[in-house]
Amino acid sequence: MAQEEGLLSLDDETNNNAKRSLYLIIVVEFFTAMLAICNGANLLMQLTSNCKGFRFLGITLILIGVGIFVLLWTNCSFARANEQSSAGCKFLCCSAPLVFASLVLGIFAMEVSSRKGGGGTKSEGSYEVYDVGSFSKWMQRKVGVDPAFEPQENGNLYTTKNEDCNRWDNDPNILCFNCETCKAGFLQDVTSHWRSTGLGLILMVVLVLVLGIPFICLTMISSDSFHACLMAFEYGTFVVALGLGWKLLDGISSRCPGFRFLRITLVVIGASLLVFFYIGCATVDSAPEAALGKSLCCSVPLIVALAALGIFTLAVSNKGGGKSIPGRSYKEYRVESYSKWMRNKVNDTHNWETYYKKAVVKNHVCEKFGKEYKLDTLDQFHKRKMSHFESGCCKPSEDCNFSYTSPSIWEKPTNVNNTNNDCNRWDNDPNVFCFNCQSCKAAFLQDLKSRWSVTGIILVVIVSKHFLLGICLICLLCRDS
């Protein structure tokens with residue numbers, strides 16, 4: 001009798017926890033829906049974001065917010081019927097497509113609003129001048145960039161052929177409304193709003209993911225601790241995939257064309273696993289084994305893709321690394337030490353000049369040479385622990401034997417034939433330095449290697465965990481049968 005009373009009290013406590021968590025998710029999801037609708041309405045109220053070709057983001061956000069409100073209403077109906085656990089799981093299941101759509105929209109908004117120039121060019125006045133060539137290709141196509149307009153690199157800035165000078169008119173109805181700079185101002189307004197909206201959408205998705213954890217735990221408490229452990233592992237799979245994809249956004253090299261496919265694929269796979277996982281949670285009460293089994297079976301192609309990505313990243317990033325130099329705190333890098341696939345990417349002149357070199361220059365990797373390192377003596381300079389970009393792109397190679405004047409000024413010896421072609425490519429101009437050197441390409445590959453090798457190891461571990469999860473499920477089903 002006492003044992004039965006103890007079980008009843010435990011069930012009551014579990015139900016109370018489920019109610020509190022359900023109320024929490026209702027309140028937070030209410031504000032989430034309001035945030036989506038307010039962001040969408042704000043975009044539609046803007047001069048640029050409400051124009052044809054751009055207004056779809058605001059409309060879609062409003063529709064997502066309304067959809068969440070409809071799901072909340074349904075969720076509250078289930079809660080009134082004292083089905084707190086089922087209501088929470090069904091809400092998570094039904095909201096999975098909206099979460100997936102929000103994530104895709106957030107990534108798309110962040111991607112197309114990321115500017116290669118990183119901001120406007122400071123003029124002599126207090127305002128900034130924007131160049132239409134520094135915006136994403138998608139946005140340029142929307143405003144119809146003049147084919148005669150050819151942005152040309154000039155150090156860290158962009159210059160044009162000044163075609164806008166011929167388009168100017170003192171008529172207030174014309175002024176420079178037909179200029180490329182006016183299009184750039186239009187895109188800058190879109191970019192500023194879309195970037196903040198994209199970041200808000202991604203944070204909203206993270207919030208929904210975090211809120212899913214208490215429901216998963218509370219649902220599993222009433223079923224079986226073994227299934228709770230297995231579902232927790234399953235939950236971690238897509239969280240890690242999304243985290244790795246987001247982390248690769250920080251790398252100078254990993255977000256360049258030719259390498260960005262890894263982060264995009266990881267985010268898509270993580271979001272797809274999220275959908276399968278929430279669908280499994282919706283039926284876990286009635287059939288835990290079947291729910292987990294279906295989730296695992298549906299995710300098999302995605303797990304195979306993760307395994308392929310992990311093996312590929314480890315295969316192409318297992319070579320390379322810096323070479324230590326006696327008496328120096330920094331290392332030097334050689335392109336020849338990296339994998340053939342990576343070497344082919346950076347040795348392609350079009351790729352290097354169009355994408356990779358510009359990415360290095362725009363991130364001001366040599367900024368410390370004109371500030372923090374500026375007054376260093378030669379001994380102090382040798383003791384600096386430089387990054388791979390600083391070592392490969394911002395100073396000449398050690399075997400050039402240049403005379404040191406300052407970290408950014410080196411004197412070339414006369415009548416000396418250097419076997420290293422990078423010595424002839426060096427220039428004291430801060431806009432040139434060694435950005436055309438093979439050592440700078442090697443530094444770029446070192447940045448990619450350091451990020452991809454860690455990503456590959458984590459992916460292999462995740463896939464191994466998933467295979468173990470499948471084996472455990474098979475053993476469980478065999479035991480029951």
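Colleague: How many helices and strands does the protein chain have?

Modeller: The secondary structure comes to 16 helices and 8 strands; these are DSSP runs, H or I of at least four residues for helices and E of at least two for strands, numbered from the N terminus. Keep in mind it's a predicted model, where local features need pLDDT of at least 70 and side-chain atom pairs count only at pLDDT 80 or more, while totals for chains, interfaces and linings use all residues. Residues are numbered from 1 along each chain as its sequence is written, and side-chain values use heavy atoms, with hydrogens and water left out.

Colleague: What share of the residues counts as buried?

Modeller: Of the 481 residues, 44% are buried. Buried means under 20% relative accessible area, exposed over 50%, and partly exposed in between (1.4 Å probe, protein chains only).

Colleague: How many residues are in the largest nonpolar core, and which have the most contacts inside it?

Modeller: That core has 54 residues, and Phe 435 and Phe 444 have the most contacts inside it. A nonpolar core here is a set of buried Ala, Val, Leu, Ile, Met, Phe, Trp, Tyr and Cys residues joined through side-chain atoms within 4.5 Å.

Colleague: Which element gives the largest share of this core?

Modeller: Helix 16, with 9 residues.

Colleague: What is Phe 444 in contact with, leaving aside neighbours within four places in sequence?

Modeller: Its partners include Cys 256, Val 346, Trp 352 and Phe 389. Contact means heavy atoms within 4.5 Å.

Colleague: Switching to rings: how many aromatic pairs are there in the whole structure?

Modeller: The search finds 29. Rings of Phe, Tyr and Trp (its six-membered ring) pair if their centres lie within 6.5 Å; planes under 30 degrees apart are stacked, over 60 edge-to-face, and the rest tilted. Tyr 404 and Trp 410 are edge-to-face, 5.1 Å centre to centre with 80° between the planes, and both are buried.

Colleague: And why is the Phe 433 and Phe 435 pair tilted?

Modeller: Because their planes are at 45°, with the ring centres 6.5 Å apart. Both Phe 433 and Phe 435 are buried.

Colleague: OK, the outside now. Which residues form the nonpolar patch on the surface?

Modeller: Val 27, Phe 30, Phe 31 and Met 34, with about 370 Å² of accessible area together. Met 34 lies in helix 1.

Colleague: Is Met 34 buried or partly exposed?

Modeller: Partly exposed, with a relative accessible area of 33%.

Note on methods: Patches are made of residues with over 30% relative accessible area and no salt bridge: like charges are joined within 9 Å, nonpolar side chains (Val, Leu, Ile, Met, Phe, Trp, Tyr) within 5 Å. Accessible areas come from the Shrake-Rupley method with a 1.4 Å probe; for residues, only the protein chains shown count as cover. A salt bridge is a side-chain nitrogen of Lys or Arg within 4 Å of a carboxyl oxygen of Asp or Glu.
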